[in-house]
Amino acid sequence: MEWLDIGSINDIPRRGARCVNTLQGRIGVFRTYDDRILAIEDHCPHKGGPLSQGIVHGAAVTCPLHNWTISLETGEALGADEGSVETVRVRVENGRIALALSGSLRAAE
Amino acid sequence: MKEKLVVIGAGMASGRMLEHLFEAGDDRFDVTLYGAEPRGNYNRIMLSPVLAGEKSYSQIVTHDADWYAAHEVACRLGETVTKIDRKARRVHSAGGETPYDRLVIATGSAPFIIPVTGRDLPGVTAFRDLDDVERMIVAAGRKNAAAVVIGGGLLGLEAAAALRLRGMEVVVLHLMDHLMERQLDPAAGYLLQKELEGRGIRIHCKAQTKAILGDSRAEAVLLDDGTVYPADIVVMAVGIRPEVRIATDAGLYIQRGITVDDGMVTSDPAILAIGECAEHNNTCYGLVAPLYDMARVAAKTLVGEVAVFRPVETATQLKVTGVSLYSAGDFADAPDREEIILRDAGAGIYKRLVLKENRILGAVLYGETSDGAWFFEMLKTGADISTMRDTLIFGQALQGAASSDPLAAVAALADDAEICGCNGVCKGRIVAAIAEKGLASLDDVRAHTKASASCGSCTGLVEKLLRLSLGDSYNPTAMQPICACTDLGHDEVRRLIRAKGLKTIPAVMQELEWKTSCGCAKCRPALNYYLVCDWPGEYVDDYQSRFVNERVHANIQKDGTYSVVPRMWGGVTSASELRAIADVVDKFAIPTVKVTGGQRIDMLGVKKEDLPAVWADLGKAGFVSGHAYAKGLRTVKTCVGSDWCRFGTQDSTGFGIRIEKFMWGSWTPAKVKMAVSGCPRNCAEATCKDVGVICVESGYEIHFAGAAGLDIKGTEVLGQAKTEDEALEIIAALVQMYREQARYLERIYKWAKRIGIDEIKRQITDDAKRRSYFDRFVFSQKFAQFDPWSERVSGKDKHEFRPIAVAEFTAAAE
């Protein structure tokens, strides 16, 4: 595992997200209303929608394709839907964001 | 012989340190004190009350000349130390050299002055010491004096409130989205802004200062967006930096501040540093509690005792009379957090606790802060709150209070708040009618007051008023809330946004007592639309509350790529437009090109990163966004009309283009598709559109409320017009009525079914009503007709279109 510096907290709009392309697939990096940074696989467990393009509310994101809502903290689908995505560890120091990259993410198709 | 102690800086930290030293009864030191200000030591925290005229200088002095004399401190006030000679252990100043055995640096901090032109003009001041305060008091004495405060943090707001109390016109410029963003979340920031605006202070957030204007002195402040605020005085309160110049020159180890160990000793064992100039464990401190703690530790270190500086959590309170605001702890950067929120719109109260594993991590209290200390105590001690979790937010005294009340927001409305917009009926009249006439049902209220008797969108509110007046004996019909974040339905929220003049999403959520801190994917896009529609030119669109298609101005596809549809006015195109599209398709290897049902061309499978470049090329050919992604005007489909067709009665193509050019860019509750057919043969299929026009010999027949999607429905006839102008006025008025009344995502045919075709006809055929709908539509278009594609091509929101980072290589997958 290694830490990858991806940018500053100010690069992500509040209640918004950016994505990071890695060899293991795309990661969505989210900034919540209260400035927490959370990262998950950018791949909805339902039909693979890009979660980083969804609307961020509380500590969750709603997928733009079919409105599944995924917890940014656990990666689990919320509500009646079932499924989950990998979460990615995040470190924020002095406003810089780093992701813990391991090999476990699903490969990008 | 006594040891020689020299202290540089006569501020709060050094004063407190000397107190500790003398209190211990230790008289081993001869003390010499240098201070840059020509006066004794005063409580800097109380500068705001002095500026406000609530306290005088003499009331905030902590150590005067007599105190120093009594403790035999040689004071060199007003004398600046120019050099520290560490080898010879001497400090140099204008008055000569002073030897030391131990030296304490307590030079504090310097205000940060933003590097814009005009920053050196007279009239530009910081807010750090009494000289600054005096400058501001003098400026406030002028007639009709105006002040601009740059910085909406603690210090800036205290200065602004104080200057306002002195009668100045005050504007606060703040770079960030909301005030005090380091201590407050957006909801509390909203309440604070509202309170300060109520006092006549103007607040301008997201304000980027470009220059301070003036010849011989500051006269005005210019922002990047071109706004100019006149200013007799400009107060810079954007932040501080540790004052370390003298220590840097002396070769001490410096990071942001002067690096000290747990005992406040610098890299030179003979020298200590305390206060805002010191840096301990990579942290510089600016609040008084840790600085006092540094003073205590330094006093012990000087007399050879072991003491250790351990910073504790500190809470923040704004010192503006009449504003209750408390924030403590941490809101950032940790997973697995939960929050508890309490909002009381009537009393202007907002409380938010951030929890992790049943412990309080942070607290923001606004309006009612008496439990601040209690929460803070639990925060510091890490108390387990699981046993009182359900009632924690109600505070220490109120364990076990009631849960949220769905009627509270309506109860909190003022008597003159308008409930029924159609008939202009306010709350007071309805409540009075219920009481005086003994009304017991919705129909009674409609009959006596006309409230809810027209479009019916205020029905939910009227029912809540009945319930408030009559208690449990009144059973309102079930109403569907927008989502789980609120007890209110769409219609009620729309009415209340207008009645209460709510102009931001945090304002709506606070005043209408939202149950979550920032809503959800259902309510936020709806609120954003309602605010865009109701406050044209005032509301700033919240892109994070828009669905991705409206954020990136293209339609997301199942594989995450996008489709791009340029506008083809009235479905008419040309060789050069088609050539430009062909070139774009080749250049970006766009896999599919398709003719749409709305008479234009769709390019599918465009990568998100390519969107701005695709738009740039299309823009060069004269194309603008087709808004195929928008809850807004999509297409106006036409037939060739009297120009070519042997049956055509009017110029349907020309009129379609005119409608599209007039109405493009407008946001609507759901998509709006139109068509204009040149004769009743109806080749443009106008009779299944949201709005359709059938041209006839005598003029134009206007249709609406058709559908050809999930439901199939022919249109209703709204009316006839003799000229294009008349027809356009009717169409725009209809769309404006729909914009103002429909629920988010409700198509015209569903809205019309809900409130009645006849009611719509009645309003649109009423000359005065039609004209006022039309005028409001025209006004709102002034702020809507901007081509989002060319805005993005010129760089707006470029973060939307590319990854924040690309990991070139990472740990291998195996």
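This is a predicted model: local features need pLDDT of at least 70, side-chain atom pairs count only at pLDDT 80 or more; totals for chains, interfaces and linings use all residues.
Q: How many helices and strands does chain A have?
A: Read along the sequence, chain A follows the pattern β-β-β-β-β-β-β-β-β-β. The count for chain A is therefore one of DSSP runs, and it comes to 0 helices and 10 strands.

Q: What share of the 109 residues in chain A is buried?
A: A residue is buried if 20 or more other C-beta atoms lie within 10 Å of its own. In chain A, buried residues make up 51%.

Q: Which residues touch the most other members of the largest nonpolar core?
A: This core has 172 residues. One of its members, B:Ala147, is in contact with B:Ala139, B:Leu163, B:Met168, B:Val170, B:Ala231, B:Asp232, B:Ile233 and B:Val235, leaving aside neighbours within four places in sequence. The residues that touch the most other members are A:Val29, B:Ala147, B:Val234 and B:Val235.

Q: Why are H12(B) and H14(B) described as oblique to each other?
A: The axes of H12 (residues 427-437) and H14 (residues 459-470) of chain B come within 10 Å and cross at roughly 45 degrees. Angles under 35 degrees count as roughly parallel, and 65 to 115 as roughly perpendicular. The two helices therefore count as oblique.

Q: How do the residues of the contact of H12(B) with H14(B) divide into nonpolar, polar and charged?
A: H12(B) contributes B:Lys427, B:Ile430, B:Val431, B:Ile434 and B:Ala435. From H14(B) come B:Val462, B:Leu465, B:Leu466 and B:Ser469. The division is 7 nonpolar, 1 polar and 1 charged.

Notes. Residues are numbered from 1 along each chain as its sequence is written. Chains are lettered from A and ligands numbered from 1 in the order in which they are written. A nonpolar core is a set of buried Ala, Val, Leu, Ile, Met, Phe, Trp, Tyr and Cys residues joined through C-beta atoms within 7 Å. A residue is buried if 20 or more other C-beta atoms lie within 10 Å of its own, exposed if 12 or fewer, and partly exposed in between; C-beta atoms are placed from the backbone. Two residues are in contact if their C-beta atoms, placed from the backbone, lie within 7 Å. Axes are lines fitted to C-alpha atoms, for helices over the stretch in contact, and angles run from 0 to 180 degrees between N-to-C directions. Helices (H or I, at least four residues) and strands (E, at least two) are DSSP runs, numbered from the N terminus. Angles under 35 degrees count as roughly parallel, over 145 as roughly antiparallel, 65 to 115 as roughly perpendicular and the rest as oblique. Ala, Val, Leu, Ile, Met, Phe, Trp, Tyr, Cys and Pro count as nonpolar, Asp, Glu, Lys and Arg as charged, and the others, Gly among them, as polar.
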